[in-house]
Amino acid sequence: MKVPILDLCRMPDELTAELTRTFTSVLASGHFILGPEVSSFEAECASYLESSHTIAVSSGTDALLMALMALNISPGDEVICPTYTFFGTAGSIYRTGATPIFVDSLPCCYNLDPSAVAAAITSRTKAIMPVHLYGQAAEMNSIMGLANKHGLTVIEDAAQSLGARFGDRQTGTLGTIGCYSFYPTKNLGALGDAGLLTTNDPVLAEKLKTLRMHGSRVKYMHETVGGNFRIDALQAAFLRVKLPHLNQAHTNRARNATRYTENLLASGLAKFPVEGCLCGKSGSPLEAPLLLPYSCQPHHIYNQYVIRVTGEGKRDALREFLTGKGIGTEIYYPLPLHQQQCFASLASSTKSYPWAERFSRETLAIPIFPELRKEEIDYVSEQIAAFFRL
Ligand SMILES: *Cc1c(COP(=O)(O)O)cnc(C)c1O
């Protein structure tokens, strides 16, 4: 059996037909950048997110960069972010001339450790950039508490968590600005690159719209230096077709995750990585050959289902074994950001971040996309169990 990590072509025929009609209609409109499709998409996202302002842009990475620019983050400033995340999180900080200050993450939810954030705050700290990794919210109560106490802004990297909640609030709407990505592997994927920002601050919203157009509100008059951060009308139109199906996709992903977790626990090989959640410092880590994703938050949208395989070389051996059985996997992320060549000049590059370093050697993402079939989940689970019985 062949089970890809993600199959973007496996969508219902009606959806394919609707996307095709949408393409034809945008083509006929002759309006390809911003415009009515984009405004409607922004309004629909604001309603979905229960947030006041949304600005649709060219990518998730550009959303992060724009958020930092709007908050005047500049050389000499420090911004705290996890080292265990996608490169764009820290890359955007670095591009403003500010310094990314890395912190370690936790083995319960793979999200940044609030106590490490507290320890990293200095007089130069301007912002905290938590990431809601794999579709589960970081511990925002502690993070907002620290931000309020020290007068910091919070930029949420919600690239993987559009629709995931922290308590009853949407991730991305708790901090100062939230940033989302519509890269095709995200739960709401465009047919190309696109992103979104949200904020409840009308002044910041206006600033972000201006930054999107080279810092210009009145044509050819530039108040600040922005960039071309515009979204295509075509992508906005495609996303408008897909947004109404997003919650069903989350439900299917969570159903798939439950089936994996039940199968793998039943095999007797796997454990959860913690007893209790470590975000609130009340838990303790556990060890086993195979560790399963754990939910610190009741709501998890499973952008990825990431297991941990402990023991020297074991993760890579499992990956090779699964490849041989036709099963696609991915490693998020094989090198923590503090160890990246481009950040070698940062003071953080010589520090040690034990959990992040372990995750980069032990994590493996297995197929979780919404259209995955029961038989495929059972096959993947059986093959994982077979590897450990070898
Ligand atoms: C995908 C992603 C981004 C970047 O989004 P793009 O749309 O690909 O630019 C940033 N941060 C995280 C955590 C991501 O997963």
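Leaving aside its neighbours within four places in sequence, Thr-261 is in contact with Phe-272, Leu-292 and Tyr-305. Keep in mind as you look around that this is a predicted model. You can find Thr-261 in helix α9, which covers residues 246–266. Is Thr-261 buried or exposed? Its relative accessibility is 13%, and buried means under 20%, so Thr-261 counts as buried.

**The sheet of four strands**

Now turn to an open sheet in which four strands follow the order β10-β13-β14-β15, with mixed pairing. Its edge strands are β10 (270–271) and β15 (363–366), and each of them pairs on one side only. Inside this sheet, strand β13 (residues 290–291) and strand β14 (residues 305–309) run antiparallel and are joined by two bridges. If you look for Leu-290, you will see that Val-309 in β14 stands opposite.

Helices accompany this sheet too. Helix α10 (residues 314–324) packs on the sheet and touches β14 and β15, its direction making about 25 degrees with that of β15. Helix α11 (residues 354–362) lies across β14 and β15, and runs at about 95 degrees to β14.

**The sheet of seven strands**

Another open sheet has seven strands, in the order β1-β9-β8-β5-β4-β2-β3, again with mixed pairing. Here the edge strands are β1 and β3 (99–103), each pairing on one side only. On average, and with direction ignored, neighbouring strands of this sheet are turned by 25 degrees against each other.

Four of its five residues are buried, which leaves the strand mostly covered. Strand β9 (residues 195–199) runs antiparallel to β1, and five bridges join the two. For Val-57, the bridge partner in β9 is Gly-195. Elsewhere in the sheet, strand β2 (residues 78–82) and strand β4 (residues 125–128) run parallel, with three bridges between them.

**Helices against helices**

| Helix pair | Distance of axes | Angle |
|---|---|---|
| α1 (residues 13–29) and α8 (residues 233–242) | within 10 Å | roughly 150 degrees |
| α10 and α12 (residues 374–389) | 10 Å | about 125 degrees |

The angle of roughly 150 degrees makes α1 roughly antiparallel to α8, because angles over 145 degrees count that way. α1 passes α8 in a right-handed crossing. Among the residues making the contact are Leu-15, Leu-19 and Phe-23 of α1, along with Leu-234, Phe-238 and Val-241 of α8. The residues of this contact divide into nine nonpolar, one polar and two charged.

Lys-314, Ala-317, Leu-318, Phe-321 and Leu-322 in α10 meet Gln-383, Ile-384, Ala-386 and Phe-387 in α12. By type, the residues of the contact of α10 with α12 are seven nonpolar, one polar and one charged.

Methods. Residues are numbered from 1 along each chain as its sequence is written. This is a predicted model: local features need pLDDT of at least 70, side-chain atom pairs count only at pLDDT 80 or more; totals for chains, interfaces and linings use all residues. Side-chain values use heavy atoms; hydrogens and water are left out. Buried means under 20% relative accessible area, exposed over 50%, partly exposed in between (1.4 Å probe, protein chains only). Two strands pair if DSSP finds at least two bridges between them. Axes are lines fitted to C-alpha atoms, for helices over the stretch in contact, and angles run from 0 to 180 degrees between N-to-C directions. Angles under 35 degrees count as roughly parallel, over 145 as roughly antiparallel, 65 to 115 as roughly perpendicular and the rest as oblique. A crossing is left-handed if the near helix is turned anticlockwise from the far one by less than a right angle, and right-handed if clockwise. Contact means heavy atoms within 4.5 Å. Ala, Val, Leu, Ile, Met, Phe, Trp, Tyr, Cys and Pro count as nonpolar, Asp, Glu, Lys and Arg as charged, and the others, Gly among them, as polar.
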